[in-house]
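Subject: Structure handover

Hi,

Here is the structure I promised to pass on.

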Amino acid sequence: MEPPRLIHSAPGLPGTCPLLQPPAANAAASMSGPAADTPSAIQICRIMRPDDANVAGNVHGGTILKMIEEAGAIISTRHCNSQNGERCVAALARVERTDFLSPVCIGEVAHVSAEISYTSKHSVEVQVNVMSENILTGTKKLTNKATLWYVPLSLKNVDKVLEVPPFVYARQEQEEEGRRRYEAQKLERMETKWRNGDIVQPVPNPEPSTVSYSQSSLIHLVGPSDCTLHGFVHGGVTMKLMDEVAGIVAARHCKTNIVTASVDAINFHDKIRKGCVITISGRMTFTSNKSMEIEVLVDADPVVGDSQKCYRAASAFFTYVSLSPEGRSLPVPQLVPETEDEKKRFEEGKGRYLQMKAKRQGPAEPQP
């Protein structure tokens, strides 16, 4: 009988963990250095357990987002340390739109594959796919696709961004396409940062179906388990909390089981350090017949040992759908915007919805 093998993260890596290899093999591995053989793709796998899921048995979108970020962080950190030089850790700066194509259920195995697709002078683009596997039947299906951007931060000073080692492209067009994506996300990221000044304020005795009725906030003290070894929060931890708050808003609005349908670009404007108190706030911005858009804002307050004021750390738009007990899509109660700001956000959300709907439908057929 063949002995069990450890699951490793990428083709071409050793079949066993270096820590479990004989001393001689360990010595050889340590002598090779970071530039020896850095793969451009990895895969991580994990079985989904009851504490990963909601009451209907569907895995939380935040759990999937956290796994996506972990895979991206591993491969981008490896690449950024692939040449001799100042050591660094890759920090998440942005996640492009992520669609939840199919739910992952308790007992299934999530296979998260990450691959570097582009590098600029100070950032790394990583493409991530998630496949779910029913280990009883062997059935597999694609559940998520995401694009993430990371920046390398010096281990000596995490406020210092280092240069990214060059990446070898399979074809010339790949670099040109990546450069276009880089410029587009850079512009969108800057535009988002400028309009992130507002905050979510509580309203006494709100009416059902209004923005105030379902808006929710979560206050969380950042502890060591939330952070990297270098004292700032994992991007995946932040995304998981954001999804949790967005889910509460959606459930309060429609009073049914809800699931994450998609996440618009998540922008990380600044690092969140250990010991900060973060406030994750969510509010409904738009509803279509069968979907809800929820804006989620993350504010960080360095309450201990720092004179810095509270600042906006991250922001995103989450889209949820309402489901029946049988898992069928249900109509969503229509949002009732009351203030001028709420009406403006509703129209902006409607624009995003129509734009994404047009993208999914593709170009119109030519008329004869």
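**What I found**

S262 counts as buried, at 1% relative accessibility (buried means under 20% relative accessible area, exposed over 50%, partly exposed in between, with a 1.4 Å probe and protein chains only). The residue lies in strand β8; helices (H or I, at least four residues) and strands (E, at least two) are DSSP runs, numbered from the N terminus. Its side chain joins that of R97 in a polar contact of 3.1 Å. By polar contact I mean a pair of N or O atoms within 3.5 Å; within protein, one must be able to donate a hydrogen and the other to accept it, and residues adjacent in sequence count only if both atoms are side-chain atoms. Leaving out residues up to four places away in sequence, S262 touches R97, T98, D99 and F100, and also F317, F318 and T319 (contact means heavy atoms within 4.5 Å).

Before you go further, a word on the model: it is predicted, local features need pLDDT of at least 70, side-chain atom pairs count only at pLDDT 80 or more, and totals for chains, interfaces and linings use all residues. Residues are numbered from 1 along each chain as its sequence is written, and side-chain values use heavy atoms, with hydrogens and water left out.

**The chain overall**

There are 6 helices and 13 strands in the chain. Of its 368 residues, 46% are buried. If you take contacts between residues at least 6 apart in sequence, 74% of them join residues at least 24 apart. The accessible surface is about 19,600 Å², and carbon and sulfur atoms account for 56% of that (Shrake-Rupley method with a 1.4 Å probe; for residues, only the protein chains shown count as cover).

**The annotated pair**

Which residues does the UniProt annotation "active site" cover? According to the unreviewed entry, they are N54 and D243; the positions are given in the numbering used here, feature names are shortened, and annotations may be inferred rather than shown by experiment. The two are spread over 190 residues of sequence yet cluster in space, with a largest C-alpha distance of 12.2 Å.

N54 sits in the loop between β1 (41-47) and α2 (61-80) and is buried, with a relative accessible area of 18%. Not counting residues up to four places away, N54 touches H60, N257, I258 and V259.

D243 is in helix α5 and is buried too, at 4% relative accessibility. Its side chain reaches the backbone nitrogen of G62 at 2.9 Å.

Helix α5 runs over residues 235-254 and spans 29 Å from first C-alpha to last, close to the 28 Å expected for its 20 residues (1.5 Å times one less than the number of residues). Because 15 of those 20 residues are buried, α5 is largely enclosed by the rest of the structure.

Just after α5, K255 takes a positive phi of about 60°. K255 is in the loop between α5 and β8 (257-263) and counts as exposed at 59% relative accessibility.

N205 also has a positive phi, about 50°, although it is not a glycine. You'll find N205 in the loop between α3 (172-194) and α4 (211-214), where it counts as exposed at 74% relative accessibility.

Cheers
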